[in-house]
Every structure is written in structure tokens, then in C-alpha cells.
2 protein chains.
Amino acid sequence: MAQLSVSHRLRRTPFSDGVTAAGAKSFTVYNHMLLPTVFRSVEEDCAHLKSAVQLWDVSCERQVELRGPDASRLMQMLTPRDLRGMLAGQCYYVPIVDETGGMLNDPVALKLSEDCWWVSIADSDLLLWIKGVAYGLRLDVLVDEPDVSPLGIQGPLADKLAARVFGDSVTDLRFFRYGWFEFEGTDMLIARSGYSKQGGFEVYVPDTNIGMPLWNALMEAGRDLDVHAGCPNLIERIEGGLLSYGNDMTRANTPHECGLGRFCNTQTAIGCIGRDALLRVSMEGPIRQTRAIEIDGPAVPACHDYWPMMAGDKTVGRVSSAAWSPDHQTNVAVGMVRMTHWDDGTELVVQTPDGPRGALVREQFWHG
Amino acid sequence: MAQLSVSHRLRRTPFSDGVTAAGAKSFTVYNHMLLPTVFRSVEEDCAHLKSAVQLWDVSCERQVELRGPDASRLMQMLTPRDLRGMLAGQCYYVPIVDETGGMLNDPVALKLSEDCWWVSIADSDLLLWIKGVAYGLRLDVLVDEPDVSPLGIQGPLADKLAARVFGDSVTDLRFFRYGWFEFEGTDMLIARSGYSKQGGFEVYVPDTNIGMPLWNALMEAGRDLDVHAGCPNLIERIEGGLLSYGNDMTRANTPHECGLGRFCNTQTAIGCIGRDALLRVSMEGPIRQTRAIEIDGPAVPACHDYWPMMAGDKTVGRVSSAAWSPDHQTNVAVGMVRMTHWDDGTELVVQTPDGPRGALVREQFWHG
């Protein structure tokens with residue numbers, strides 16, 4: 001923990017007043033925007049997320065809007081995932097890669113129509129890449145950041161809460177589908193999605209001014225459901241194997257290394273910028289890959305830096321995220337391990353700031 | 001102030017150990033990297049900066065390297081500043097604009113040779129824009145982020161300190177010129193530049209591993225000069241009229257609005273992406289512009305949001321940065337004001353979180 005100096009450059013969100021009133025104890029900065037990280041404690045927030053319902057200010061998942069006749073063509077250039085079968089009303093998780101196959105972002109793309117897409121981004125200025133490509137290729141498309149701020153409704157009681165404010169039909173949404181719902185006369189896109197394994201929705205709030213009225217209405221409607229302000233939870237997202245761009249993967253990694261090979265259709269994603277580089281990877285396979293890692297002993301300290309993973313004297317990987325899991329009574333972690341040592345059950349040693357710890361490579365995450 | 005949750009995504013720097021040991025009290029996040037903001041207090045740091053010498057960890061000024069036969073052509077595409085007369089050994093402050101003339105960044109460009117440039121960036125992932133344009137136009141150039149971290153030596157005693165570590169010849173450098181100097185067998189680019197008006201250098205440290213040895217050598221050599229760890233100082237930079245990308249200007253602004261019209265050679269910067277849009281602005285002039293603003297009364301609170309500037313009932317501008325200046329015994333601020341009210345001496349009212357305050361529009365900043 002350190003002190004954060006706030007300035008206009010670290011943008012506030014439509015829900016910042018609600019987040020502050022709810023007692024956010026700590027923040028990070030994500031897409032030049034404040035993202036709360038802790039309300040009560042990471043452990044308490046985790047237990048509550050798994051048992052009740054939370055409102056998440058994830059405004060920092062900024063939207064990049066692609067609009068115009070070339071929007072769909074451009075969208076396919078950005079990702080190795082084949083988008084041909086995708087319909088309006090669907091959300092796709094799409095690795096975005098550069099010409100070398102390096103990950104630039106791992107957003108969720110929403111197809112609004114053939115000529116309009118929203119890309120709900122992780123922490124990099126993906127707008128600049130998309131604008132640059134569109135400019136260089138003289139594509140007939142406008143690329144911009146609309147005034148749209150996602151608000152997460154996450155947890156097992158999310159359906160109950162959402163139904164009270166948006167009507168029962170919102171619960172008919174299938175996973176990674178969206179629909180349009182009204183709140184106080186404003187139409188909002190709501191998707192069944194979110195950065196947790198506890199289920200729920202993301203409301204794409206289309207106007208800063210409606211942010212706090214919606215926040216307050218949800219808080220009010222969920223009082224007996226024990227609704228509370230929350231945020232992406234370090235423990236829960238590691239248990240569930242949800243990767244964090246910038247933490248667990250960077251431009252140095254291919255999607256295949258990150259375990260995202262199933263989202264790469266290098267044979268059919270025609271036009272994808274990184275296709276040639278990734279075709280090679282998809283044929284030969286990556287030589288290191290993301291794995292769940294179980295770290296022995298008491299709670300590890302916060303993971304600020306890569307922790308080397310050793311087999312004897314040899315560095316064979318690194319841990320990028322780690323936390324103590326009260327539910328699993330072990331330290332859960334995300335690591336990247338060389339193929340020589342990535343098999344399920346491999347025992348390694350992790351160099352933590354507190355000294356070496358035994359660690360177990362797992363093929364599966366814990367899934368909360 | 002708020003708590004900051006640190007993770008690997010908020011990158012540490014080669015000098016982070018030194019910064020922590022020196023007692024950094026607060027940080028911001030800049031280009032996904034930690035940037036200290038306060039050591040003793042903003043006021044004390046300011047007074048010390050004006051009287052002694054400070055080491056600044058400005059690693060967050062990441063470099064984008066353009067390398068290849070098309071590097072110079074690409075560089076000119078990025079900025080409306082005419083680069084034809086620029087020689088290796090020079091640094092230019094270059095507004096970077098998109099096709100609409102909107103500011104994407106305001107870096108310092110260093111010409112290493114005809115086919116190699118470093119762009120020392122402000123807070124946006126400019127790498128992505130440059131890579132996107134280069135890809136789209138199939139330019140023969142590699143765009144990447146090298147392992148280069150700037151270390152500032154700022155303050156009136158900067159020459160004395162730099163000479164002790166790099167030799168007397170470093171003091172021969174003229175403003176915005178650079179040369180190559182050796183430290184422990186490693187050649188380093190050193191420029192006479194920096195984000196203060198107190199003079200000094202920026203050392204482009206070309207290898208993470210040499211970071212702390214250099215930091216320690218400078219600290220040791222400057223003991224009798226009262227050298228101290230420091231950082232860009234809010235008060236001093238406002239007094240000096242140094243704008244902050246993300247705070248005082250965004251993609252919504254043209255360079256002309258930001259008072260950077262003198263860096264726009266729209267008649268001669270042939271190939272500049274935003275040239276057509278800016279030619280129009282340069283002929284007609286902007287309708288709002290950055291101004292120094294003096295705010296009455298006691299110290300204003302921290303400026304987290306735009307503060308509206310009013311003439312009667314009419315909003316005619318906004319303040320984006322503000323601080324109490326002990327030297328000038330007034331609140332110094334940066335604002336953007338409509339042309340109807342931007343003349344020197346215009347009296348306005350600023351809506352601060354503490355209530356309305358009288359304010360004076362000034363044509364000139366205070367220059368520390």
C-alpha cells in the first residue's frame with residue numbers, strides 16, 4: 001500500500017460519489033481512471049461477493065466505439081478470433097494482438113450492428129492502436145470513446161436485484177448476451193457478463209448524469225439482499241482463473257501463452273493483423289503457458305513484482321498474481337511456466353519476498 | 001489523498017528502491033508506472049528544488065523508439081512541428097496530434113540519427129498510435145519500448161552535481177541538446193532538459209541494472225549540495241506554465257488551444273497527420289486557450305476535477321490544475337478560457353469545492 005495523489009488526470013467516474021460514500025479503502029488506476037480495490041477487506045469483500053450481490057464501479061472498462069461501413073472489417077483485423085458467426089446481441093471475449101501476435105489488450109467486444117461495435121477494454125489505450133490502424137489503412141470508420149461507463153452487478157443475488165430495477169426479463173439474458181433495458185427513461189445495454197465467476201450483469205451506463213441515480217436505485221432496491229459496493233476481487237479472480245492484462249500478460253505474450261489459444265482461429269480469422277505470427281504458434285504450440293499455482297505456507301505478501309519459479313537452480317517460470325484464499329486454505333496464484341515443468345502436479349519453488357516457498361503447478365484453476 | 005493498491009501492472013522502476021528509501025510519501029500512476037509526487041511536502045519539495053538539486057525518478061517518461069529507413073518520415077507524420085532542420089543531438093518538444101488535430105501526447109523527441117528516434121512520452125500509450133499508423137501505412141520501421149528510464153537531475157546545483165559524476169563537459173550542453181557520457185563503463189544519453197524551470201539534466205538510463213548504482217553515485221556525490229530525491233512539483237510546474245497532459249489538455253484539445261501554436265508549422269510540416277485540421281485552426285485561431293489563473297483567498301483544495309470559471313451566470317472556462325504558491329503568496333492555476341474573457345487582467349469567478357473565489361486571468365505564467 002502507498003498513498004495515491006489524485007489529480008484530474010486520474011479520472012473520476014459517474015459513480016465515484018457512491019464509491020466514496022460506500023467507504024472504498026483503496027484504489028488502483030486503470031485506463032487513467034480510478035478503480036476501487038478494497039471496501040471492507042479483500043477477504044471480506046470476497047466472501048460477500050460469493051454470498052450476496054455487489055455493485056462494481058468498473059467505469060474504467062472504457063468503450064472504444066467503431067462506427068461506419070468498415071467497422072466489422074476493422075474489428076476482425078484486431079483479433080484472431082473468428083467473428084463471422086457473431087450476431088448483434090452477443091459479446092465475445094477477444095484477444096487483441098499486434099503484427100507479431102503480442103497481446104495489446106483482452107477486451108470484450110459487443111456487436112451492436114454490422115457497422116457499430118463497442119470494445120470494452122482492459123488497461124491499455126487500445127483506442128490509439130485502433131485509430132492508428134484505421135488511419136493508416138484509410139478505413140471508412142470512426143473510432144472514439146463514448147460517454148459509456150460499465151456498472152457491474154455481481155454475485156449470486158445479481159438476478160434478483162437486477163430484476164427489481166430493470167424488470168424480470170433481464171434475467172432471461174444468457175451468458176455473454178446483451179439486451180436493452182430502460183431506467184428512468186434512458187435505454188441501457190445490459191449484458192450477462194463480468195469479471196467474476198459469481199454471475200451477474202454489466203450495465204453500460206450511457207450518460208454520466210444517470211450514473212448516481214442508477215447507483216442509488218440499485219442500492220435502495222437491494223437493501224434486503226445485503227447489496228454492497230464491491231470491486232473486482234483479487235482472491236476470487238485468481239481462484240476463477242481470470243487473467244489481468246498488465247499483471248498476468250503483456251505485449252510480450254501471445255494469446256497461446258496466456259491459455260487463450262481457444263480464442264484464436266488462425267485458419268479462419270481472415271484479415272487479422274497478427275494472424276501470420278500466430279499461425280506459427282498455433283501449429284507448434286507455445287513453449288510457456290499460464291498455469292494455476294498453489295503456494296505453500298501462510299499468506300504470501302502482495303505480489304508487486306514477478307516472483308521467479310525455480311526447479312533447482314533453473315528459473316522455469318514466474319508468478320504474477322497471488323493471494324491467500326480463505327476458502328481453499330492455500331495461496332492461490334497465477335504463473336507462467338515453461339513446458340518442461342508445466343504438467344499438473346509439478347513441484348517447484350517460488351521466490352517470494354519472504355523467502356522460498358514450495359509450489360504446485362495445477363492444470364485447473366479453482367473456480368471459486 | 002487515497003490509498004493506492006500496488007500490483008505488477010503498476011510497474012516499478014529501476015530507481016524504486018532509492019525512491020522508497022528516500023521516503024516518498026505519495027505516488028501517482030503515469031504510463032502504467034509509479035511516479036512519486038511528494039517527499040517532504042509539496043511546499044518543502046518546491047523550495048528545495050529552487051535552491052539545491054534533486055534526483056527525479058521520471059522513468060515513467062517511457063521511450064518509444066522508431067528505428068528503420070522510414071523513421072524520420074513517420075516522426076514527421078506524428079507532429080505538426082517542422083522537423084526538417086533538426087539534427088542528431090537535438091531534442092524538440094513536439095505536440096502529437098491525430099487526424100482531427102486533437103492532442104494525443106506532448107513528448108520530447110530526440111533525434112539519434114536519420115533512422116532512429118526516441119520519443120519521451122507523457123501519459124498515454126503513444127506506442128500504440130505510432131505502431132498502428134506504421135502498420136497501416138506499411139512503413140519500413142520498427143516501433144518499440146526500449147529499456148531506457150529517464151532520471152532527472154533538477155535544480156540550480158544540477159550542473160555542479162552532474163559534473164562530479166559525468167565530468168565537466170556535461171555542463172557544456174546547451175538547452176534541449178544532448179550528448180553521450182559514461183558511467184561505470186555504460187554510455188548514457190544526457191540531455192539538458194526536464195519538467196521544471198530550475199534547470200538541469202535528464203539522464204536516459206539505458207539498462208535497469210545500472211539504475212540504482214547511478215542513483216547511489218549521484219546521492220553520494222551530492223551530499224554537500226543537499227541533494228535530495230524529488231519529483232515533478234505541482235507548484236513549480238504551474239508557476240512555470242508547464243502543462244500536464246491528461247490534466248490541462250486531452251485529445252479534445254488542439255495544440256493551439258493549449259498555447260502550443262508556436263510548435264505547429266502547418267505550412268511546412270509536410271506529411272503531418274493532423275495538418276489539414278490544424279491549418280484551419282492556425283488561420284482562424286482557437287476560440288479558447290490556456291491561461292495562467294490567479295485565484296484569490298487562502299490555499300485552494302486539491303484540484304481533482306475541472307473547476308468552472310464563470311463570468312456572471314456564464315461558464316467561460318475551467319481550471320484544471322491549482323496550488324498555493326508560497327513564493328507568490330497566491331493560488332497559481334492553469335485554466336482554459338474562452339476568447340471573450342481571456343485578456344490579461346480579466347476578472348472571473350472560479351467554482352472551487354470550497355465555494356466561489358475571485359480569479360484573475362493572466363497572459364504570463366509566473367516562471368518560478
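Modeller: Two residues are in contact if their C-beta atoms, placed from the backbone, lie within 7 Å. The model here is predicted.

Colleague: Take helix α6 of chain A. Which of its residues are buried?

Modeller: A residue is buried if 20 or more other C-beta atoms lie within 10 Å of its own. In α6(A), residues 211-221, that holds for G211(A), L214(A), W215(A) and L218(A). Down the helix axis they fall within an arc of 100°, so they line one face of α6(A).

Colleague: What do the buried residues of α6(A) pack against?

Modeller: Their partners in chain A are the helices α1 (16-21) and α5 (158-166), together with the strands β4 (54-57), β12 (149-154), β13 (178-183) and β15 (200-205).

Colleague: Now I287(A). Is I287(A) buried or exposed, and why?

Modeller: I287(A) is exposed, because 12 other C-beta atoms lie within 10 Å. I287(A) sits in the loop between α8 (275-284) and β17 (288-295) of chain A. Leaving out residues up to four places away in sequence, I287(A) touches R338(A) and M339(A). Its C-alpha atom is 7.5 Å from that of E257(A), 30 residues apart along the chain.

Colleague: How is the interface described?

Modeller: The size of an interface is often given as the accessible area lost when the parts come together.

Colleague: How do β1(A) and β1(B) run, and how many bridges join them?

Modeller: They run antiparallel, joined by 3 bridges. Within this pairing, A2(A) stands opposite L4(B).

Conventions: Residues numbered from 1 in each chain as written. Chains lettered and ligands numbered in written order. Predicted model: local features only at pLDDT ≥ 70, side-chain atom pairs only at ≥ 80, totals over all residues. Helix = DSSP H or I, 4+ residues; strand = E, 2+ residues; numbered from the N terminus. Arc of directions from axis to C-beta. Pairing = 2+ DSSP bridges.
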